[in-house]
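Please keep the model open while reading.

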Amino acid sequence: MKIIILGGGASGLMLANILVKNHINADIEIIEKYEHVGKKLLITGNGRCNLTNTNITTKSYNNDFGYNIAKSFDTIQFFNELGLLTYIDNEGRVYPYSLVSNNVLDILRENLNNIKISTSTNIIRIRKKEQQYELTSDSNQTFKADILVLATGGKTYYKDSNSYILANFLEHKVVPLRPALNYLKVQENLSSIENIRCKAKAYLITNNQIIYEDYGEVLFKKEALSGIVIFQLSSIIAKNAYNNYLIELDLLPNMSEDEIVKHLKKFPNMIGMFPKMINQYICKVANTQDPLIISKTIKHLPFHVVENIDYKTAQVTSGGVDVNELKDTLESKIHDNLYFAGEIIDVDGLCGGYNLQFAFASANKVAQDILLKVGTLNEKK
Ligand SMILES: Cc1cc2nc3c(=O)[nH]c(=O)nc-3n(C[C@H](O)[C@H](O)[C@H](O)COP(=O)(O)OP(=O)(O)OC[C@H]3O[C@@H](n4cnc5c(N)ncnc54)[C@H](O)[C@@H]3O)c2cc1C
């Protein structure tokens, strides 16, 4: 029995670990396009790898299918049992205690010494031949598998992703793709406040209705808004058709408009409120010295979103292999012994460790089903 895990990223490495840990009665091979496995893991969480989050709710994912899988796996326990110490910040984000992503990759590689890992192997074609899957690389190498897991990730980071083409070869539908967890381009020229950060409550508005709100850090770019709170908004936008979105920032969510007016009457030069450049930007938008209007502007600073289809800066792909064509075990409903794990599936989470959590939990789901099917060496004895 031969199992091929296509893709040596977060989900592929987790899957191999669980199969090996349970002494699977089969040969496993990981096939990876690049020269090393886990390249992307190293840059996650700004090099610190935000592994998971302690607060997983239905709102953390684009669909219940993703949520149900994500909550089924205890990522902290898995890593702790392998010796990784973890650190949890105030917002439930979980990191390796060292705050170094390399530790996570080292731990995931540590127990894979006895399985075959074929690196620098780019699979460009997959066919089902009788009961086996035949994979062909761009250098015409062929591989045969009784069980195949597609763990090839999404469109972000790797410019040349062919994940979805491979899924199409196997007759799976792909829900339209969009970049998510991304900065948002806006019509406004923000060069005067470029690289300034501030805390704000952000409202996402379309058709005069607030459809999402969140509080956090915003980073102003020349023609864009960035920062964690904006990433969350971009995820909401990715799930909906593009629809003239407006973002309003409330730069003083703890003060009412009246309180701000009182403050401005006492301190009209605004010293002590925001960085000087932000004060000037607010006055330019308000276009008056009237404290009433300035107060309103501080509470409703407007930014008009321009559609962003750039994957270069996005952290995750919205869309992917249609979950309606997958069993709860993540086996294909179209082909037996074909599974999907990780970002290739139409599941995306908010910023804060939710996407790695889904990658790990989906790998565990697949592993448990394969273990049931194939059995373990212990059972054989
Ligand atoms: C900058 C950045 C920061 C991020 N930070 C976080 C974070 O802190 N927390 C979080 O939860 N999420 C984070 N994410 C998202 C997270 O990294 C992904 O959701 C997660 O890695 C998906 O895991 P995966 O196994 O599905 O795919 P990947 O980790 O992308 O792995 C897929 C693997 O498959 C290989 N592959 C693809 N196609 C082929 C092929 N044809 N042949 C052979 N091999 C192939 C790829 O080379 C890759 O190694 C971040 C993403 C980015 C881009």
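Which residues in α8 meet which residues in α10? From α8 come Glu257, Ile260, Val261, Leu264 and Lys265. Facing them in α10 are Pro291, Leu292, Ile294, Ser295, Lys296, Ile298 and Lys299. By class, this contact has seven nonpolar, one polar and four charged residues. The model is a predicted one.

**Helix pairs**

Helix α10 also packs against α9. The values for the two pairs are set out below.

| Pair | Residue ranges | Axis distance | Angle |
|---|---|---|---|
| α8 and α10 | α8: residues 257–266; α10: residues 291–299 | within 9 Å | roughly 130° |
| α9 and α10 | α9: residues 276–286; α10: residues 291–299 | 9 Å | about 115° |

At roughly 130°, α8 is therefore oblique to α10. Helices α9 and α10 are roughly perpendicular to each other, because angles of 65 to 115 degrees count as such. The crossing of α8 and α10 is right-handed. The crossing of α9 and α10 is right-handed too.

In the second pair, α9 brings Ile282, Cys283, Val285 and Ala286. They meet Ile293, Ile294, Thr297 and Ile298 in α10. Seven of the residues in this contact are nonpolar, one is polar and none is charged.

**Ligand shell**

The ligand is surrounded by 37 residues. Gly7, Gly9, Gly45, Gly153 and Gly342 are the closest. Elements that give two or more residues to the shell are α1 (10–21), α2 (39–43) and α11 (354–374). Helix α11 provides the largest share, four residues. The shell divides into 14 nonpolar, 18 polar and five charged residues.

Terms used: Residues numbered from 1 in each chain as written. Predicted model: local features only at pLDDT ≥ 70, side-chain atom pairs only at ≥ 80, totals over all residues. Near = placed C-beta within 6 Å. Nonpolar A, V, L, I, M, F, W, Y, C, P; charged D, E, K, R; others polar. Axes fitted to C-alpha atoms, helices over the stretch in contact; angles between N-to-C directions. Parallel < 35°, antiparallel > 145°, perpendicular 65-115°, else oblique. Left-handed = near helix turned anticlockwise from the far one by under 90°. Contact = placed C-beta atoms within 7 Å.
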